[in-house]
Amino acid sequence: YLASFPQSDRAADAQFYIGQSFYAQGKYTEAADAFNLTIRTYPKHTILSDAYFKLGESYRGLKNVERARTAYEFVVKNFPESSSASLAQQRLQDLK
């Protein structure tokens with residue numbers, strides 16, 4: 001889908017769900033790469049807060065606490081009204 005329709009309205013969602021798929025399989029490095037690609041390629045899309053949160057989750061899965069914290073803090077600071085911000089705030093409390 002992404003190769004055929006990289007500029008479609010659903011392309012950002014498709015890229016995000018690739019990351020979700022890797023995450024669900026416990027492939028955290030691949031998930032982080034996919035979420036980073038979502039963030040870089042679609043920086044103005046509404047899925048951005050979720051992508052940053054899941055990036056943090058992927059880093060947490062990799063036991064990279066500092067990168068996870070950075071991603072969670074970015075969500076809380078830049079998307080304070082999002083549901084991802086609430087989840088990120090909880091994760092930040094867990095990391096203390």
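Buried means under 20% relative accessible area, exposed means over 50%, and partly exposed is in between, with a 1.4 Å probe and protein chains only. Lys-63 sits in the loop between α3 (48-61) and α4, and its phi is positive, about 65 degrees, although it is not a glycine.

A word on the ground rules. This is a predicted model, where local features need pLDDT of at least 70 and side-chain atom pairs count only at pLDDT 80 or more, while totals for chains, interfaces and linings use all residues. Residues are numbered from 1 along each chain as its sequence is written, and side-chain values use heavy atoms, with hydrogens and water left out.

**The overall picture**

The protein chain has 5 helices and 0 strands, and its pattern along the sequence reads α-α-α-α-α. Those elements are DSSP runs numbered from the N terminus: helices are H or I with at least four residues, strands are E with at least two.

How does the chain's radius of gyration agree with that of a compact globule? For 96 residues such a globule would have a radius near 12 Å, and the protein chain has 13 Å, which agrees. The radius is taken over C-alpha atoms, and the globule rule is 2.2 Å times the number of residues to the power 0.38. Along the principal axes, the C-alpha atoms fill a box of roughly 45 × 30 × 15 Å.

Of the 96 residues, 38% count as buried. The accessible surface comes to about 5800 Å², and 51% of that belongs to carbon and sulfur atoms; these areas come from the Shrake-Rupley method with a 1.4 Å probe, and for residues only the protein chains shown count as cover. As for contacts (heavy atoms within 4.5 Å), take the ones between residues at least 6 apart in sequence: 38% of them join residues at least 24 apart.

**Where α4 meets α5**

Two packed helices are described by the angle between their axes and the distance between the axes. Here, helix α4 (residues 65-78) and helix α5 (residues 83-95) have axes that come within 8 Å and cross at roughly 145 degrees. The axes are lines fitted to C-alpha atoms, for helices over the stretch in contact, and angles run from 0 to 180 degrees between N-to-C directions.

Which residues make the contact? On the α4 side they are Val-65, Arg-69, Tyr-72, Glu-73, Val-75 and Val-76, and on the α5 side Ser-84, Ala-85, Ala-88, Gln-89, Arg-91, Leu-92 and Leu-95.

Leu-95, in helix α5, touches Val-65, Arg-69 and Tyr-72, leaving aside residues up to four places away in sequence.

**Around helix α1**

Asp-13 lies in helix α1 (residues 11-24). Is Asp-13 buried or exposed? Asp-13 is buried, because its relative accessible area is 15%. Not counting residues up to four places away in sequence, Asp-13 touches His-45 and Ile-47.

Tyr-17 is found in helix α1 too, and Tyr-17 is partly exposed, with a relative accessible area of 48%. Asp-9 lies in the segment before α1 and is exposed, with a relative accessible area of 69%.

**Distances through the fold**

| Pair | Apart in sequence | Apart in space |
|---|---|---|
| Leu-95 and Val-65 | 30 residues | 7.5 Å |
| Tyr-17 and Ala-51 | 34 residues | 9.6 Å |
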